[in-house]
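Dear colleague,

Please find the structure below, handed over for your use. A short account of what was found in it comes after.

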Amino acid sequence: MENSKIISIEGLKKTFSTTGGKFTALNGINLEFGKGEFTGVVGPSGSGKTTLLNIIGSLDSPSEGKAIVLGKSIGELNVKQSAMLRRSQLGFIFQSYNLLPVYTVFENVEFPLLLLNMNDGQRKKMVLDSLEWLGLTDKIKSMPSQLSGGECQRVAIARAMVKKPEIVLADEPTANLDAANSHHILKSMVQLNKEFNTTFIFATHDDKVIGYLHRKISLVDGKVAKDEITNN
Amino acid sequence: MIRFLLKGILRDKQRSLLPVIIVSIGTMLTVLLVCWLNGFLGDSIEMNARFATGHIKIMTAAYQKNIDQVPNDLALSGVDSLMMKLRKEFPDMKWGERIHFGGLIDVPDNKGETRSQGPAIGFGIDMLSGDKSEIERFNLEKSIFRGKLPSHKGEILMSEDFSKKLKINPGDTVTLIGSTMNGSMALYNYTVSGTIVFGAEAMDHGSVIVDMADVRAALDMDNAAGEIVGYLPDIYYNEENANKVVARFQEIFPLSGGEFSPVIMTLRQQNSLGNMIDMIKSVGSLMVFVFVLSMSLVLWNAGLLGGLRRYSEFGIRLAIGEDYSHIYKTMIYESVLIGIIGSIIGTVVGLLGSLYLQEHGLDIGSMMKGAAIMMPSVFRAHITTNAFYIGFIPGLFSTVAGTMLSGIGIYKRKTARLFKELEA
């Protein structure tokens, strides 16, 4: 299923100004990601995993080099264009779920579709489908505060998947979950990856996640130390 | 999207409750103060209109030039035909003849010797013809303190304070010593039928009210009147309508240049009341400005605090694909919704408060003892049409302005920074 190249990164550098001078988070990264990959960027804290995901997700831009995502050069996009890319083709899953606390499960999942100006009927169907994939149909009217951590993360996955994006970026998605819930949501993501051929890119140092990856990219001090295909 | 935002506002009390309370209070105070000032200033003007200026006033050109001296020797003559013409040309208006005069009230004892004396300001109005318009205008029936209204020729009313000063009771006889229209001395006996309290210190000081026919007899002013006052059908003075009457009057009675030719003045042109009218017009705008400014500052701060609390939400929304301008726009939409909700609540409460003040008023008579200006001693609100919408101006404008100012912070944060704050 993995085929055409959808992300191409060449000579990517990212530096931040800090009080102690310049800090280089990414230092000459060269990577390619194909459609339908289930890939993890692993490494210790400060290795540049989140920065790489932020740039792929057009939340940040390169200091040097190129990051081409779905044919668009991230560094050359303006604010509106990068928002449009995220809105239409990227999904995000966060470590701390980050659901909107005053909205129900249904409304949280519905929100990305509201930004795409879909009509009511189409939106409702897509939200219900998404919740069904994640086994959340009985939680439609629940508020996030009424859900367990695992359920919250499944809602977050439903929200990321509802618009059927090309790429889902997941930053430490299991960090706040116990083993059973971690496996549960990882299996859900594997299933979605297979069913919709969505590219999943994780930033993680969790062995449970690593156990599900098809490809593992190890970052150390902002450089690719190893890029390997796993046996999963 | 609007429905989505409205749900968020209604469910997130921290986001909506404080701003709605602030907007409601500000709107309520705006409505209440505008109504109250409309009522107070309107009543003050009306009081002047009823007792002194009318909504419009007709007199001779010469009288107008010396109006402060109340020169009855320059009074209008041939008043009956003039009144007939006015009633025919302006059927919606109420007209009244008036004679203002000054004089000395002398109180004799049972031997005919002077017991007490005092200077008086006199008002000659129609009390005995059967037309009760002037009696109602002066609110005489309710103002009677002792005795009764004059019912026969030769009876007068006297202010209660003046009667105490002269030690007079209803039924006593007094002599008016004054000057006739022709300049000769006037002496005329009256019986005091009752005493009155107007509630306006300027009127309660030393006034006597005499029926028009009796004044004419005393001052030799047959078929003459110092002034003819006219009242529009509106509750309060309406400048536009007054100007229409003036324009029509000047068509009928073009200025001939003669000093006894009738001239017309609006209320605005008398007793500096123009300033008060302008004040009424500007008071609403002033209130709105003050409340917009103060509420914007408060809501700006509330918005900043709320914005800080919502940074994580903004981070999520940016990640999901909203751009800065859309988030900013939704914040403005939210503020409009909050402004509308707060303004509706504030306007309803403000109108209820104003209605109470309109019906019951606030009696400050005890604080006005000795006041020389003509103003009502009971402050009442007056609900006007603009009271139904004026509160929405500060209510909506301040919430939107406060949000716009606080929302600028969104633009100053880089996406990645907001995203990091979200993860923190």
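The notes that follow take chain A and then chain B. Please bear in mind that this is a predicted model.

**Chain A**

Chain A contains an open sheet of four strands, which pair in antiparallel fashion in the order E2-E1-E4-E5. At its edges lie strand E2 (21-34) and strand E5 (72-73) of chain A, each of which pairs on one side only. The partner of E5(A) is strand E4 (residues 64-69) of chain A; these two strands run antiparallel and are joined by two bridges. Within this pair, A:Val69 is found opposite A:Lys72 of E5(A).

Helix H1 (residues 49-56) of chain A lies across strand E1 (5-18), E2 and E4 of chain A, and runs at about 120° to E1(A).

**Chain B**

In chain B, strand E7 (residues 173-179) pairs with strand E3 (residues 94-108) and with strand E8 (residues 185-196). With E3(B), the pairing is antiparallel and comprises three bridges; here B:Asp106 has B:Thr175 of E7(B) as its bridge partner. With E8(B), the pairing is likewise antiparallel, over seven bridges, and B:Ile177 is partnered by B:Leu187 of E8(B).

E7(B) and E8(B) also form a hairpin, with five residues between the two strands. In the turn of this hairpin, B:Gly183 has a positive phi of about 100°.

When viewing these strands, please recall one general point: in a regular strand, side chains alternate between the two faces of the sheet.

Conventions:
Residues numbered from 1 in each chain as written. Chains lettered and ligands numbered in written order. Predicted model: local features only at pLDDT ≥ 70, side-chain atom pairs only at ≥ 80, totals over all residues. Heavy atoms only, no water. Pairing = 2+ DSSP bridges. Contact = heavy atoms within 4.5 Å. Axes fitted to C-alpha atoms, helices over the stretch in contact; angles between N-to-C directions.
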